[in-house]
Amino acid sequence: MQPIRSWFGPCFLPGLLFMATVCCLADYPTPQEAGFHHCALIYDLPSRSAADLLPYVAWREDGAWKHWLFDSFLFLMQRTPSGASTTDGKMRKPEWEEHLGRWFLPERDLAALDAALAEAARHLGQPPAKRQIILSIPRSGRNMQDFGDVDGDGIGEDLGTDAGLAKVMRWYVGEARSRFAAARYVHLELWGFYWMHESIPATDEAPVRAAAAAVHEAGGKLLWIPWYRAVGWDRWQACGIDVAILQPNYAFFSKHQGTIRRNRLAVTADLARQAGMGVEIELPMFCNDPAAARYFLDYLADGAAHRHGYQTGATAYYLGGDNLGMLGQSSRPWQRQLAAALAAYVRGEAVDVPGTRLDWTADGRGFPTLGDGELGDALPLRQGTADLPPERPLANLDLFLDDAPFRGLVRVDLRRNGEWTAGGWTIHPGPVAQDGVWQVVTVPLQGKAEAIRVTAEPVPGAPPPQARELAIEEEVSDRDDRVRNLALGRPYRAGEPAEAAYGDHGGKLTDGEVALAGAFSGQVVGWHGGQVVVGFDLGEVKTVDRVEVCLEGGGYAAINWPSRAVLMTSAGEPPPARLSGSGPLPGTFRWLPAGEVVIDRQRTPDAASGHLVFAPPKPIACRHLNLVFQANGWLMLAEVRILADGTNLADGCAYTLHPAPSAKQN
């Protein structure tokens, strides 16, 4: 084992309070309060028939009709058939009419759903109640001065005025209600409407209130489903919204690449209960990866009454475009399992936690494990062991903590052929404020083993972690390992790197210029999600007093302070360019977490400039410095200062970035 040392100032907490415990929270909206229980999101497709919607209406297994499924359906689209965005605020009256009229076309969408319900009724009898229908309202931009004439006075409505907003919202809601009534659907009832944009910045509050007023005036309700901690997520009631459901955004592993852990579901559940919201169930967008099964089943397992309980509350289901039909008819058993588990969940059954349950022994006693059916009390953990089933490839170990401020190193050893070897390690700089009472430490692993040993090493003077549960995540694949990889060892040609959205010419972080005008000034370097490393080589060992990083945050446009920020230094070989890794701990280095973010300029309630300070108790003798950040949405860095006796050693200094700044989205 190589030596490792740490210095500790105050732990970096990005200005957010820990959540209250569950007993102090409000609760999820009940089906009686909301007017629905299980609401499927139905996104627009080029074509849609009754057969396409049958998998959402009722559950069939091996050709046999079993039971009804969703009791409500939210129809929404991100772009109209002509290509207009429903969320950028630029749609005018013709696009709004196209958007609304799509759902009322003969033999598709609403008519197709009514026909699908009629078909299911032939086998199951009449549904217990009419199915609730929710129609989305496009985002309305305040800069739209000539929306189009909706009241017949020959003058286009100005959405920059309250009167113009009110006219447009009343027109749209009234038009939808008229078309719905004229269609005379047998099994459908109009519950109300949905605000399409998934965040509510301050500039959008007036349009949302106008929409809510028009919906309420017509006797309906307004639904909203923001993404995880979206701007305005907790101001939904003040905007007149009747029911809100919070997205965990845990399932989209292809985007977050495993950096969002299982505790996201517990954190979301606490946030939702505190705010009186439901929790959305999300199916990964691409269901051809068997890892999708694990993520999706996690949602269902954690919803049970003996875990986080959101199964009993009003729930929305993001299931992609047509994934549900594909899963139920798949030739792959694990895909059919997802559809069956979803049907059981909607029916009210508890779904088991996926994966292998291990019997842990920690500090001479039995220890809680994920999947034992209970959340468990937190217990101090110094060392724990468990035997593993044979031939199970390991991916990660998750150590679930409470909010006690553990800081230190977690090591995992694996026993192979009777001998213990280093399996992986993680530096835990302290609690992540966004995770509240549901902290997690993840150690990456690789390979197979007979047994596993977990050791927690707090920094000097700190207590051991208070652990709630331990869990092993296994590598999952349905690939035939006998298939030969034809690309192995073959040459290839790399294309030109994509243009960065917020790129760096090579010196933007050390040019002495701070982004006074904010993230869109052209003076910041940006990454979306993941772990980011900025590395410096001072050329020789020098004594550093402190390091400062100027950056942007506050939540607007998903630009947030990082969830973790750590300085790693060494006098010899460069320190690790990460906070965790499989195998043995690399090299000799020291590490230091940042202090709390200091706000330098608060431009709006959700947009600010600030800086982080890494201040060791005594100067650091080092040559190499790595700044490691865990992005929380967009990470926007503006300037780095390495200070020694008042001199900025970083002034004009070269540095490396890993990964490259995020590319522009086409």
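Biologist: In this predicted model, is glutamate 107 buried or exposed?

Modeller: Glutamate 107 has a relative accessible area of 69%. The cut-off for exposed is over 50%, so glutamate 107 counts as exposed.

Biologist: Where is the place of glutamate 107 in the chain?

Modeller: Glutamate 107 is in the loop between helix H3 (93-101) and helix H4 (110-124).

Biologist: What does phi say about glutamate 107?

Modeller: Most residues other than glycine have a negative phi. For glutamate 107, phi is near 65°, a positive value in a residue other than glycine. Arginine 184 is another case to read in this way: its phi is near 55°, also positive.

Biologist: Where is arginine 184, and is arginine 184 buried or exposed?

Modeller: Arginine 184 sits in the loop between helix H5 (162-183) and strand S7 (188-195). Its relative accessible area is 71%, so arginine 184 is exposed.

Biologist: Which residues does a cis peptide bond join?

Modeller: Most peptide bonds are trans. Here a cis bond joins histidine 658 and proline 659, with omega about -5°. Proline 659 belongs to the segment after strand S34 (656-658).

Biologist: How do I read a sheet, and what is the order of the open sheet of seven strands?

Modeller: Strands of a sheet pair through backbone hydrogen bonds, either parallel or antiparallel. In this sheet the pairing is antiparallel, and the order is S14-S13-S16-S21-S18-S19-S27. At the edges are strand S14 (365-367) and strand S27 (580-582), each of which pairs on one side only. From one strand to the next, the twist averages 25°.

Biologist: Over how many bridges do strand S18 and strand S19 pair?

Modeller: Strand S18 (residues 408-416) pairs with strand S19 (residues 419-428) over nine bridges, in the antiparallel sense. Leucine 414 stands opposite threonine 421 of S19.

Biologist: Why is arginine 641 called partly exposed?

Modeller: Buried means under 20% relative accessible area, and exposed means over 50%. Arginine 641 has 26%, so it is partly exposed. This arginine 641 lies in strand S32 (residues 634-644).

Biologist: Which residues does arginine 641 touch, not counting residues up to four places away in sequence?

Modeller: Arginine 641 touches Val514, Arg546, Val547, Glu548, Cys550, Asn648 and Ala650, with those sequence neighbours left out.

Biologist: How many residues separate arginine 641 and aspartate 651 in sequence, and what is the C-alpha to C-alpha distance?

Modeller: Arginine 641 and aspartate 651 are 10 residues apart in sequence. In space they are 7.2 Å apart, C-alpha to C-alpha.

Methods. Residues are numbered from 1 along each chain as its sequence is written. This is a predicted model: local features need pLDDT of at least 70, side-chain atom pairs count only at pLDDT 80 or more; totals for chains, interfaces and linings use all residues. Side-chain values use heavy atoms; hydrogens and water are left out. Helices (H or I, at least four residues) and strands (E, at least two) are DSSP runs, numbered from the N terminus. Buried means under 20% relative accessible area, exposed over 50%, partly exposed in between (1.4 Å probe, protein chains only). Contact means heavy atoms within 4.5 Å. Two strands pair if DSSP finds at least two bridges between them. Axes are lines fitted to C-alpha atoms, for helices over the stretch in contact, and angles run from 0 to 180 degrees between N-to-C directions.
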